[in-house]
Amino acid sequence: MDAIGHGIIEAFKLIFAGDGEIFEIVGLSLYVSCFSVVFSTCAGIPLGILLGTHQFRGKGVVVRLIYTFMSLPPVIAGLTVFLILMRRGPLGSLQLNYTVTAMIIAQICLVTPIIIGLTYNLVKEKAPVVNRLGMTLGAERLDRMKLLIYEMRVGITTAVVTGFGRAISEVGAVMIVGGNIKGQTRVMTTYISELKGMGYYDRAIAVGIILLTLSFLVNAVLYNFQERESR
């Protein structure tokens, strides 16, 4: 309990003292997570909609693969990206390992299947009703698609926030491809892991509290959006 109490005190000290290292780590964590989520959203939502609105041979296999990748272990994603980007790998000439770019790629591999899968489930639920309504009203295909996306707005927001939660809390993949290099690839989760290993529990708890606070703020925004849209 003393360590937790000291951690809370230390967290406020770090925040109000403007600790440069902490804010640099928090900033990089947000940058990596937000960039990966934006890319995953731009790719995942259209793919989820296409998967849910089109029938094709082998669709069942694709859906099962998406569901499998939704729970892909981070260390597997990190190892795969690392091997592809390593010097002797297919993309070794790019020299991206131990860079922020490699961390973003690893997080995209983790987040995109989540957004695709959740969007696909939304489409399965909403599309039949929306199509029947649209056809009854004489709406064109494009108009029905716009209506479908509008009806899924809350669910899509939930999918994006779920993806962000996966990205911001990830440690295994970014540790493998980023290396937790001070001032370059160190993010909150890898920093907490390092602090714990060094026995600096107070500072580790402090960074953990900051991470929890960020997650709470993001989920609070989602909750307010859902409440407003449900009225």
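Biologist: Which residue's side chain meets that of Glu 21 in a salt bridge?

Modeller: In this predicted model, Glu 21 belongs to helix α2 (residues 20-53). Its partner is in the loop between α8 and α9 (188-198), 165 residues apart from Glu 21, so the pair links distant parts of the chain. With N to O at 3.5 Å, the salt bridge joins Glu 21 to Arg 186.

Biologist: Is Arg 186 buried or exposed?

Modeller: Residues under 20% relative accessible area count as buried. The relative accessible area of Arg 186 is 10%, and therefore Arg 186 is buried.

Biologist: Which residues are linked in a network of salt bridges?

Modeller: The structure holds 2 salt bridges. One of them joins Glu 21 to Arg 186, and Glu 194 also forms a salt bridge with Arg 186, at 3.2 Å between the closest N and O atoms. Glu 21 is partly exposed at 24% relative accessible area, and Glu 194 is partly exposed at 25%. The network consists of Glu 21, Arg 186 and Glu 194.

Biologist: What is the relative accessibility of Val 174?

Modeller: Val 174 lies in helix α8 (residues 172-178). Leaving aside residues up to four places away in sequence, Val 174 touches Met 103, Gln 107, Gly 179, Val 187, Thr 189 and Thr 190. Val 174 counts as buried because its relative accessibility is 1%.

Biologist: What separation is found between the C-alpha atoms of Val 174 and Lys 59?

Modeller: Along the chain, Val 174 and Lys 59 are 115 residues apart.

Note on methods. Residues are numbered from 1 along each chain as its sequence is written. This is a predicted model: local features need pLDDT of at least 70, side-chain atom pairs count only at pLDDT 80 or more; totals for chains, interfaces and linings use all residues. Side-chain values use heavy atoms; hydrogens and water are left out. Helices (H or I, at least four residues) and strands (E, at least two) are DSSP runs, numbered from the N terminus. Buried means under 20% relative accessible area, exposed over 50%, partly exposed in between (1.4 Å probe, protein chains only). Contact means heavy atoms within 4.5 Å. A salt bridge is a side-chain nitrogen of Lys or Arg within 4 Å of a carboxyl oxygen of Asp or Glu.
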